[in-house]
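Dear colleague,

I am handing over the structure we spoke about, and it is placed just below. My notes on what was found in it follow.

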Amino acid sequence: MPTKLVDVEVATTSRRNVPTVVLAATGPALGPGGDDLDASEITGKAGETVRHRDTEVWTLGVGTGSLGDYRTAGAALARALSGDDAPRTADVLLTPDFDAEKVRAFVLGAALGGYRFKVTAEDGPKRVGSLRLVAGDPGFEEVLTSAALKAHALATATSLARDLANAPSNVKDPRWLATTAAKLADKVPGLTAVVRDEKWLQQQGFGGVLAVGGGSARPPRFIELTYDGGGAEHLVFIGKGITFDTGGISVKPADGMHLMRTDMAGGGAVISALMAVARRQLPIKVTGLVPCAENHISGSAYRPGDVVRHYGGATTEVQNTDAEGRMVLADAMAYAVRTLSPDLVVDVATLTGAMKVSLGLRTGAVFTTSDELAASVVEAGSRVGEKWWRMPLLEEHVEAVASEIADYKQCPPGPGGIAAALFLQKFAGDVPWVHLDIAGPARSEKVYDEVVAGATGFSARTLIELAESFSRK
Ligand code: BES
Ligand code: MN
Ligand code: ZN
């Protein structure tokens, strides 16, 4: 940790004795450097890589040149230039259509496509270390360089979010997650980290975090990351930090339980986003909160039927100890609303298996009452290659959140993802709020585009882009 990503620079001259990559659009239509190439073996399909016989020349398919195609192409190139004969570096000859957005997509793909997580004593496989993007027109060098830098920052954040989520839970307990975040944050000027322990949580009344964390021998923590770059708005990002989810007394089936080491993916995305926002010195104030707990089974575990008192006093009737995410998020949201005077609260969580059924594994769910905020998230995501779909906070299910014996019912009946969102909404007060359920896209079984199997780092980039869009307001 952390994985070394492929470096990318932009220049107007190509280098001698360095492998060259010629871009090929569907057709194929070859870009600069392609005049003398034999095009019979290539189609130009996005991500197609061909090494031309006995040469140091490659062609890379970029499809129809959409942003997604460039992301796919960048990732395919990073994967193709790996293995025993991987070159140290290569020149990519850009076509004249390249603008800032396309460079961003390509660099994002190239930096992340070669990502790998493996705990081993062996050396990692050889991989290309850097790429030079060669632009034809010197007038664009500056714009494209800044686009490449931004893309690299987004990729770095995604990579850290992946590393944190991929870390196995024998290593990653709440204390590890909190101290790792604090250590990383300490290296970034302008970013402050405070880690609270179980005694502080007790004094402050974080009953949800304490209930969920109570079954584990490894006590809960609460991370608060603060960055103040000036500006009028204060955003609070809250990430679910369950370092392992057994389900608790309402235990999960054995099949697939191991995947629950990534149940802090939302928290990892928040930590990574705060680091990137501070590194880029965006003119905005952002606080990141990550309630960390291990949802475990033992004699001290919380039970179905318990009534838990959250930060600020509201109570929840527990129905299923496996619905632990909302228990810890409720505390953090109440804390944000009561103590931080936020202009916007965004929570991110691998919250409900139901969302995997609704939207599949490549699209995140957005819940908010505000059309404008929903659009901001969807647009921010589309600029950085993350897909979001708005879900409704259905009025007819709101009543079901009421309990006979407490203020709220933890698992109101109805569609799972929506019911969870309606529960959380009770803790947002009057503050504009967005809930992001990333249970689907936080993990992948497959390699596709810039994603490799395992934790995807999904939502870190959207959070950064959202902060940037608010800083321009
Ligand atoms: N962490 C899980 C949700 C999850 C499931 C994320 C699969 C990623 C993949 C969450 O804590 C959970 O267990 N939710 C329950 C809620 C239910 C008990 C109301 C679920 O979705 O089954
Ligand atoms: Mn659970
Ligand atoms: Zn969970």
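Glu465 and Arg104 meet through their side chains in a salt bridge, with 3.8 Å from N to O. Please keep in mind throughout that this is a predicted model, and that every value here was computed from it. Between domain 1 and domain 2 the count is 2 salt bridges, and there are also 5 residue pairs in polar contact across the two domains, counted where both residues have a pLDDT of 80 or more. On the side of domain 1 that touches domain 2, helix H1 (67-80) and helix H2 (100-113) each supply at least two residues, and the largest share of that side, 5 residues, comes from H2. Sorted by class, that side of domain 1 has 6 nonpolar, 3 polar and 3 charged residues.

As for the division itself, domain 1 covers 7-149 and domain 2 covers 167-471, and the C-alpha centres of the two domains lie 36 Å apart. The contact between them takes 12 residues from domain 1 and 14 residues from domain 2. The size of an interface is often given as the accessible area lost when the parts come together. Here the area buried between domain 1 and domain 2 is about 1000 Å², and carbon and sulfur atoms give 53% of that area. Within domain 1, the residues that lose the most area to domain 2 are Arg71, Arg79 and Arg104, which together account for 44% of what that side buries.

The model also holds a ligand. Which residues are closest to ligand 1? Of the 16 residues that surround ligand 1, the closest are Lys252, Asp263, Asp322, Glu324 and Gly353. A polar side-chain atom of Lys252 lies 2.8 Å from an oxygen atom of ligand 1, while an N or O atom in the side chain of Lys240 is 3.2 Å from an oxygen atom of the ligand. The backbone takes part as well, in that a polar backbone atom of Leu351 is 3.4 Å from a nitrogen atom of ligand 1.

A search of the whole structure finds 25 salt bridges, and one of them joins the side chains of Arg53 and Glu41, at 3.1 Å from N to O. Because Arg53 lies in the loop between strand S4 (49-51) and strand S5 (57-63), and Glu41 in the loop between S3 and S4, this pair ties together parts that are 12 residues apart in sequence.

Two points of backbone geometry may also be of interest. Most residues other than glycine have a negative phi, and most peptide bonds are trans. The peptide bond from Gly27 to Pro28 is cis, with omega near 5°, and Pro28 is found in the loop between strand S2 (20-25) and strand S3 (29-30).

With best regards

How values were computed:
Residues numbered from 1 in each chain as written. Chains lettered and ligands numbered in written order. Predicted model: local features only at pLDDT ≥ 70, side-chain atom pairs only at ≥ 80, totals over all residues. Heavy atoms only, no water. Domains from an automatic or database assignment. Contact = heavy atoms within 4.5 Å. Buried area = accessible area lost by both parts, 1.4 Å probe. Salt bridge = Lys/Arg side-chain N within 4 Å of Asp/Glu carboxyl O. Polar contact = N/O pair within 3.5 Å; in protein donor to acceptor, adjacent residues only side chain to side chain. Helix = DSSP H or I, 4+ residues; strand = E, 2+ residues; numbered from the N terminus. Nonpolar A, V, L, I, M, F, W, Y, C, P; charged D, E, K, R; others polar. Near = heavy atom within 4 Å.
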